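Subject: Structure handover

Hi,

Here is the structure I promised to pass on.

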Amino acid sequence: PDDPEILTLRARALLIDGQAKAAQDLFQRAIHHDPALFEAVLGLIDTGLALGDFDAALDHSRDALGLRPDHPGVLRKQVQALQLSGRIGESVEILEGLHKTDPSDAAIAIRLAEAYRKLDQQERADALLASVLHTDPGHRDALMGRIGLAEQAGDLDAALALVEAGLDQGDPGDTTPDLLLRRVELCLQSGRADRLEQAAQELFAHTAALPEQGLLRLARQAEKEGRDDLSARALAAMSVRSTLSHVSANYILKLSKSVHDDATTRALADALLPRIDPEQRREFRVDAAALCSGPGHAVHIARSAESGPRSATEAEQLGRVLSEAGQAHLAMRYLRRALRAYPDHGPLKYRFIAACLDSGRPEVGEAYLDGFDHAHPPERILQLRIKLLIDTGRRDAALPLIQTYQRNFGKTIAVATRIRLHLAEGQLEEARALSAEFAALQGRGGKMR
């Protein structure tokens, strides 16, 4: 039972099964018996990452490098821990070393380019992605990265040109649905009506190859741009599929609710239900009840289930409908218990903080966030801390954290947060001045509403 190699194998199986804490305990037992067992030290890096303890993951990565200096797999894990904890600049130093060691490793080059992008070094990012495409003209991730950079810079013509080049480069037998979709999105975003219809025709000739998520994204963007005809075509392409995600079904229901009565929308919900993954049907029933009959009925549906929430997503949903039904205090207490079962679920954390605010108990949320208060808080925790400060009127305390967020995790959410802060204080001109910057960062026609 104390053989370190056997303990390590058992720990790895637990980690694969999602039992990170139990795996961590076994890896530590293995190292107690054999401190130089490399595979066990690797396992502690992985459990640190899985549990969100990025400082521990970094400590164990240093131990692993002590056993095997410059091991590329360990360095990659070290990069992951640094980036997840917001230390993008430190991760760049390691990525540049890996890229220098093996310039042909496209995965490292793309990861380095993404780090450059987050640090607002767009030219370096684009040059690196261009070098990958020079070696491999068909590399899709590098091409999509360059398209995204051009879009972010507001150069939609350049983005379209890159899409066209990618379509020309592809195998004639390859339908390249992702590029066809990007072309339609860019035509919508740039107002290129002269090219939109032809681009849409080519796209809808290959809708069977498009993922549902892409069609849903197009339907939403077309609706925002006032192109209801194009949105309807995207929805029609989804409607013939034998299965639907509950996210897509919810969107279809909301559109129905905007033009039909509750009875018609309920009938549509009943018709959609058999096409939804059985694992998601309970979530869909609750959302449909909230939409057609109000949050009170949704709470009744959620609570009348044969068992409690079977996932973090269902727990978050029950917390949401409780708050919407005016039971924010109950939602707060329920979500605090749910977080013990699902401690790493980001939306559940967000819903708990929102419930604390809705119930007039921000100090409960603040005490929860204090448990993560270390030198390099994870991105989600930093977001929640900023939200709590803004919603409780502590602007001066929020501003330096917004700056920290921008420095560590990029500008997009930081700029959006600054806009919300200005709007909350009635500073409309300041918010308007930032909206163009946000739209450029958001890409794909992102708009502040």
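The second largest pocket has a lining of 24 residues, and Leu51, Gly52, Phe54, Lys349 and Pro378 are the ones nearest its centre. (A pocket here is an open set of points on a 1 Å grid over the protein atoms alone, where a 1.4 Å probe fits, with protein on both sides within 12 Å along at least five of seven lines; lining residues have an atom within 4 Å of a point.) Its space comes to about 490 Å³, the volume being that filled by probe spheres set on the points, which are joined across faces, edges and corners.

A word on where this comes from: the model is predicted, with local features needing pLDDT of at least 70 and side-chain atom pairs pLDDT 80 or more, while totals for chains, interfaces and linings use all residues. Residues are numbered from 1 along each chain as its sequence is written, and side-chain values use heavy atoms, without hydrogens and water.

Back to the pocket: at least two lining residues come from each of H4 (54-67), H5 (72-84), H7 (106-118), H21 (346-358) and H23 (379-391), and H5 gives the most, with 3. (Helices are DSSP runs of H or I, at least four residues, and strands are runs of E, at least two, numbered from the N terminus.) By class, the lining has 10 nonpolar, 6 polar and 8 charged residues. (Nonpolar covers Ala, Val, Leu, Ile, Met, Phe, Trp, Tyr, Cys and Pro; charged covers Asp, Glu, Lys and Arg; the others, Gly among them, are polar.)

Now two helix pairs. The axes of H16 (residues 262-272) and H17 (residues 281-293) come within 10 Å and cross at roughly 170°. (Axes are lines fitted to C-alpha atoms over the stretch in contact, and angles between N-to-C directions run from 0 to 180 degrees.) H16 and H17 are therefore roughly antiparallel (over 145 degrees; under 35 is roughly parallel, 65 to 115 roughly perpendicular, the rest oblique). Their contact has 6 nonpolar, 2 polar and 2 charged residues.

H9 (residues 140-152) and H11 (residues 177-190) pack at about 5°, with axes 12 Å apart, which makes them roughly parallel.

Overall, the protein chain has 26 helices and 0 strands.

Best wishes
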